[in-house]
Amino acid sequence: MFSTSDTIVAVATPAGRGAVGMVRISGADAVPVIRRLTGREAFRPRRATLCRLTVRGDEPLADKVLVTFFPGPDSYTGEDVVEIAGHGSPLLLASIVDAACDAGARLAAPGEFTLRSVVLGKRDLVQAEAVADLVDAVTPAQARAAFEQLDGTLSAAIGRLEARLFEVRAALEASLDFPDEGYHFITPEAVRQGLGDVSTDISRLLSTAASGRLIREGALVVLVGAPNAGKSSVFNALANAPRAIVTPVPGTTRDVLTERLVLEGASVTLVDTAGDRVSPDVIEQEGVSRARQAARSASLVLVLVDGSRPRSVDDDTVLQATTNQPRLVVVNKCDAERQVERSWTRDEEVVVSARTGEGLDRLRTAVVQRLGLRAAVHSDDPLVTNVRHIQCLERAQAAVARAAEAAGAVNDTNTTPGGVPEEFLVADIDEAQRCLQEVTGARSSDDVLAYVFSRFCLGK
Ligand SMILES: Nc1nc2c(ncn2[C@@H]2O[C@H](COP(=O)(O)OP(=O)(O)O)[C@@H](O)[C@H]2O)c(=O)[nH]1
Ligand SMILES: [Mg+2]
């Protein structure tokens, strides 16, 4: 499935027309293929050469193209790579790919260039995934997180954890190898210490993971509240556009509206919903049910309350429904005299006026704070953003915890008969190491690789 013995080709620029388009070829036959397409013998490394492409030696294929040859191993994939830049016509680029296939290459699968770079040791799996994240990044925070991972800071942190586990395990195995001497290469106390350190470090990495994931995937922030609380007005004010219809008639909003915002460099999808109330209107009922559904999948719920009126049954219903969710209570209409009692929710409140704009900056800050985005962006530890990495780290953490528990059973003066706890310990440490190695791809199955590279674009 992951053969690197053949030569692959694909269009590397986005689908559609553009000023310039690029075809990339990688593999042992990259040079023979380009020779056949140009009739030219030699290409200077890393220099653009103006060429004319022909098919089977005579028929002109393209106007003029720039060919750049990157000899392996100093190329993106680690193999010989040839890049052909031409006019960005999809038709032209497709015919260059066809001609390259006729000349001995085959069509690349999505992500196959990057996959080869991993197989050939140019980058690890975390860095390969960061390449895809960087391509997908639409906010500065996403790009920064991807850059950092591409730089290898997360890989290095995981490498250090793994090295620490290796140390402990090697000493334990040495002790197991010489049971009769009764000699121990490591004291149970040192084992517990080592495992404790690793556990603390994994916890630190995981502590910003939820927010890191929000940075990578974007956060969903849903406005809920009684009808007429001013959800649509706040939505419009934060979106800086009159997207939602605002009227004094309760039950105006029936659909779920979304708007993408960038808050402190992070991507937030803001959702306006129908006000929660019992209504005989079937359209409004559907709106209310969609609102509840949106609220359930939210990273953060903004519960809007009309501050210019006494609290209502509808307010209570919404607060009741969102008690177990990350939420912020927003008291709107502070330009009018306050009627709603203070601190009846026990939640911290953000007081705003959608009409005058008062408090909206505070609301933005509170949202970013509540989502943990600022802490994540400014954390000194490498940011874990990828759900695959999070899962591997959690499994590693569990295995370390099991090992630590077994270490507690190893007596200081003597191992229990047969040294059983030590063997269990070694197995758990091995499992933890495996999980860490799965993150960076030092040890990974075809399934993991297939999963990772399935989300890449063609030509990357
Ligand atoms: N005085 C005042 N009225 C507001 C404010 N925000 C919204 N409103 C009014 O409250 C009514 C309901 O607003 P709307 O945004 O449609 O509420 P929704 O039903 O929660 O979406 C409209 O008449 C708005 O003009 C505010 O900050 N101050
Ligand atoms: Mg509305």
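**Exercise 1. Work out where C435 sits and whether C435 is buried or exposed.**

*Solution.* Step 1: find the element. C435 belongs to helix α15, which covers residues 420-440. Keep in mind that you are working with a predicted model.

Step 1: look at the surroundings. There are 23 other C-beta atoms within 10 Å of C435. The cut-off for a buried residue is 20 or more, so C435 counts as buried.

Step 2: name the partners. Leaving out residues up to four places away in sequence, C435 touches C392, R395, A396 and A399.

Step 3: compare sequence with space. E394 is 41 residues from C435 along the chain, yet their C-alpha atoms are 8.7 Å apart.

**Exercise 2. Find the domains of the protein chain, and say how far apart the centres of domain 2 and domain 3 are.**

*Solution.* Step 1: read off the bounds. Domain 1 runs over 8-122, domain 2 is made of 140-208 + 382-441, and domain 3 spans 218-371.

Step 1: take the centres over C-alpha atoms. For domain 2 and domain 3 they are 44 Å apart.

**Exercise 3. Describe the largest nonpolar core and find the contacts of V221.**

*Solution.* Step 1: start with the members. This core has 90 residues, and V221, V303 and V330 touch the most other members.

Step 1: see who contributes. Helix α14 (residues 387-409) supplies the largest share, 8 residues. Domain 2 and domain 3 each give at least three residues to this core.

Step 2: zoom in on V221. Beyond its neighbours within four places in sequence, V221 has contacts that include V268, L270, A298, L302 and V367.

**Exercise 4. Characterise the shell around ligand 1.**

*Solution.* Step 1: count. Ligand 1 is surrounded by 21 residues, and the closest are G230, K231, S232, S233 and R355.

Step 1: sort by class. The shell holds 6 nonpolar, 11 polar and 4 charged residues.

Step 2: find the main contributor. Helix α9 (residues 231-239) gives the most, with 3 residues.

Note on methods. Residues are numbered from 1 along each chain as its sequence is written. Chains are lettered from A and ligands numbered from 1 in the order in which they are written. This is a predicted model: local features need pLDDT of at least 70, side-chain atom pairs count only at pLDDT 80 or more; totals for chains, interfaces and linings use all residues. A residue is near a molecule or strand if its C-beta atom, placed from the backbone, lies within 6 Å of it. Helices (H or I, at least four residues) and strands (E, at least two) are DSSP runs, numbered from the N terminus. Ala, Val, Leu, Ile, Met, Phe, Trp, Tyr, Cys and Pro count as nonpolar, Asp, Glu, Lys and Arg as charged, and the others, Gly among them, as polar. A nonpolar core is a set of buried Ala, Val, Leu, Ile, Met, Phe, Trp, Tyr and Cys residues joined through C-beta atoms within 7 Å. A residue is buried if 20 or more other C-beta atoms lie within 10 Å of its own, exposed if 12 or fewer, and partly exposed in between; C-beta atoms are placed from the backbone. Domain bounds come from an automatic or database domain assignment. Two residues are in contact if their C-beta atoms, placed from the backbone, lie within 7 Å.
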